[in-house]
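Here is a short report for a reader new to this structure. It covers a loop residue, a helix, the charged pairs and a surface patch.

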Amino acid sequence: MAKQENVGFGVDIGGSGIKGALVDLDEGVFIGDRHKIKTPKKSTPENVAAVVAEVVEHFEWDGPVGITLPAIVHGQVAHSAANIDESWVGTDLQELFHAHLGDREISVLNDADAAGVAEAAHGVPEASKGAVIFLTLGTGIGSALLIDGRLFPNTELGHLIIDGRHAEHFASSAVKEREDLSYKKWAKRVSVALNEYDRLFSPDAFIVGGGISRKADKWIPKLTVETPVIPADLRNTAGIVGAAMAVHDHLRP
Ligand code: BGC
């Protein structure tokens, strides 16, 4: 087990579950199991923060807490809300979580930003070198822009409008499921998004995370983008690990 000062705690708030775990900050892995509670049906800030407190109490953890949100987090205020209640928009996140978690250090950051930071520190070597676009393909498309492992936060590339549509509305993995697309058809759509990102940013590599990166061999070879596309190494631990890293490093977007 890591030395006490290298133990952190992260919570990942998603549309379906709120998950937390103790994190070994040296290795970027969980210490013990994660604990998951269903996201409340009415996923308002108050309801969700109460569940976050339950997750933290489950571990009897009284140290700093890093928290991810599927939202733009600027100045520790939520500026958007994807798959969570709209009343998050405009919420002062420090005030909200301090009311539920008491007096301790708290950092809140975008879910894909957290995953990207974790991948750069503990994932594939390509994630920490040069100009990298890290993407999570899931219900939406989340993005983290990294330069030598350092984060440019809140990039929201899933909402880039391509041919009149938000990228995540035609190329997320949820769309693949919903429309029952073959890997070939879906890869064509992902290629449209990646080629547009490529044209705008000329990254050295794309790193792709999210559940579907587990089946990378089924679709990455079918992509038509020239820049290398590399599956992420950290899977469903990335958000929690990145959240714990963020608060440890006093990163507060
Ligand atoms: C949200 C992002 C989030 C991504 C993945 C998008 O719809 O706008 O903030 O990172 O989904 O959850």
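E60 is found in the loop between α1 and β4 (65–69). The model is predicted. E60 is not a glycine, yet E60 has a positive phi of about 50°. Is E60 buried or exposed? E60 counts as exposed, because its relative accessibility is 72% and exposed means over 50%.

S202 also deserves a look. S202 takes a positive phi of about 40°, although S202 is not a glycine. S202 is exposed, with a relative accessible area of 53%.

**Helix α6**

Now step back into the helix itself. Helix α6 covers residues 183–201, which makes 19 residues. From its first C-alpha to its last, α6 reaches 26 Å. That is close to the 27 Å expected at 1.5 Å a residue.

Which residues of α6 are buried? They are W186, A187, V190, S191, A193, L194, E196, Y197 and D198. The charged residues E196 and D198 are on this list. An α-helix has 3.6 residues a turn, so residues three or four places apart point the same way. The buried list includes W186, V190, A193 and Y197.

**Salt bridges**

How many salt bridges does the count come to? The count comes to five salt bridges.

| K19 | D12 | 4.0 Å |

Take K19 and D12. Their side chains meet in a salt bridge. K19 counts as buried, at 17% relative accessibility. D12 is buried too, with a relative accessible area of 14%. Both values fall under the 20% cut-off for buried.

D85 is buried, with a relative accessible area of 17%. How far apart are the C-alpha atoms of D85 and V124? They are separated by 34 Å, and the two residues are 39 residues apart along the chain.

R252 lies in the segment after α8 (238–248), and E105 lies in the loop between α2 and β7 (106–110), so the pair ties together parts that are 147 residues apart in sequence. R252 counts as partly exposed, at 42% relative accessibility. E105 counts as partly exposed as well, at 22%.

**A positive patch**

Which residues gather in a patch of positive charge on the surface? They are R34, K36, K38 and K41. K36 has its place in strand β3 (residues 29–38). K36 is partly exposed, with a relative accessible area of 45%.

How values were computed. Residues are numbered from 1 along each chain as its sequence is written. This is a predicted model: local features need pLDDT of at least 70, side-chain atom pairs count only at pLDDT 80 or more; totals for chains, interfaces and linings use all residues. Side-chain values use heavy atoms; hydrogens and water are left out. Helices (H or I, at least four residues) and strands (E, at least two) are DSSP runs, numbered from the N terminus. The expected span of a helix is 1.5 Å times one less than its number of residues. Buried means under 20% relative accessible area, exposed over 50%, partly exposed in between (1.4 Å probe, protein chains only). Patches are made of residues with over 30% relative accessible area and no salt bridge: like charges are joined within 9 Å, nonpolar side chains (Val, Leu, Ile, Met, Phe, Trp, Tyr) within 5 Å. Accessible areas come from the Shrake-Rupley method with a 1.4 Å probe; for residues, only the protein chains shown count as cover. The place of a charge is taken as NZ of Lys, CZ of Arg, CG of Asp or CD of Glu.
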